[in-house]
Amino acid sequence: MSGTAFMAVLRRDLLLAMRRKSEVLTAVFFFVVVAALFPLGIGPELNTLRLVAPGVLWVGALLSSMLALQRLFEADYRDGTLEQMALSPTPMSLLISAKLLAHWLVSGVPLVLLAPVLGLQFDLSADALVTLTLALLLGTPVLSLVGGIGAALTLGVRGGGVLLSLLVLPLFIPVLVFGAGAVEAQASGLGAQAHFSILMAMLLPAAFFSPFACAAALRIALE
Amino acid sequence: MLRVSNLSCSRGNKPLFADVSFALQAGQALHLEGDNGVGKTSLLRIICGLSPADAGEVCWHDKTIQQNATAFRSSLFYLGHGLSLKEELTALENLMSDAAVSGRTLSQAQALVALARMGLRGREHLPLRVMSQGQKRRTALARLIASQAPLWVLDEPFVALDAKAVDGLRGLLAEHVTNGGMVLFTSHQPVALTSASGSSVAVQTYRLKGVA
């Protein structure tokens, strides 16, 4: 029964994302445009481009996921769907984890898939591209999970968007450091294994605790 | 049964209501009356467990709803001001996903019957954003037909409905009460429940008074 409810929320959110294409595409286009503008601005100095590539792509991914974050619970809060989720016999944290998963599939996965293509503009080697994609694959779910807590806490607050950025961006710093660091470590011959382990160590507790934290914050917002 | 004892609630420093007590047995309907801003919606939200009360408790089958949360929630159908409908989804999709979230099993055929009974035949596959306000409310109320929950808590269910839909809803409430269900609703108009067979169902009223 809980499984059906989980799948129903996941399916509904993905269906909504398909029907509100513009919202999803805005964040993805933002990422593409940011990543495409940097090589033009910096100039065709390949060594510099290779050096800044991981940082630029990671900051782009981070800001683009911030764009989508503000709307994570907003619509459900306004139209009463969140109330129904709070009153469901299925634990609210399970339903919220379905929402977070849908959010990552819609806002995180396209970035992971686009990153290797955009990385070509920075003259990244095949090895570096693989590392970058893997790092994003481990890191972007953390952005959705931790960002979800921020979105839940600032729900219904006036000027919530700014507050959300202030609240969440400092928490994204470790993901940024180790995500971008993975590519550099790989390029310098140290291997990205340690960085991947640390990213995984951030992802697992975030995946476990975030739905509970979100559900608790949302219940307060609903009072 | 639902028992509400000595509930009080305040907004900020301003007390809204105090010492609200009533009970609702199987097969009873209760009409909650009160002026605008007296706290009817707040009371309903407290009864559902969405908001905390300052004092007092709400009991479902002699256990507070906090102790008995899962059992209470699977017996509850709540319709608030937000209809919990998605503008981009069709009436049918809305009904199906809502049923799954609230832990009910609903087949597509049952959902279509429910929509048809609310006068939405032929509009099942229209996205909600092209529907009128009244049609949206009819979609939300179609969930009642498919609901197996014994306790219905409805906040202003008669708003924005035409005369025919109001009659339909009254029949629906009467049928639910006759079958041993419980209905707690707010409305600013007097409501007489008459079932389709013509027999009328008694409605108790509770007048909510603000703290002076």
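Modeller: In this predicted model, 25 residues of chain A are in contact with 23 residues of chain B, contact being C-beta atoms, placed from the backbone, within 7 Å. Local features need pLDDT of at least 70 and side-chain atom pairs count only at pLDDT 80 or more, while totals for chains, interfaces and linings use all residues. Residues are numbered from 1 along each chain as its sequence is written, and chains are lettered from A and ligands numbered from 1 in the order in which they are written.

Colleague: Which element of chain A gives the most to the side that touches chain B?

Modeller: Helix 1 of chain A does, with 8 residues; a helix here is a DSSP run of H or I of at least four residues, a strand a run of E of at least two, numbered from the N terminus.

Colleague: What makes strand 7 of chain B covered on both faces?

Modeller: Leu151(B) and Val153(B) on one side, and Trp152(B) and Leu154(B) on the other, are all buried, so each has 20 or more other C-beta atoms within 10 Å of its own, with C-beta atoms placed from the backbone. In a regular strand the side chains alternate between the two faces of the sheet.

Colleague: Why are strands 7 and 8 of chain B called paired?

Modeller: Pairing requires at least two bridges found by DSSP; 4 bridges join these parallel strands, so they pair. Within strand 8 of chain B, Leu184(B) is the bridge partner of Val153(B).

Methods: Contact = placed C-beta atoms within 7 Å. Buried ≥ 20, exposed ≤ 12 C-beta atoms within 10 Å, placed from the backbone.
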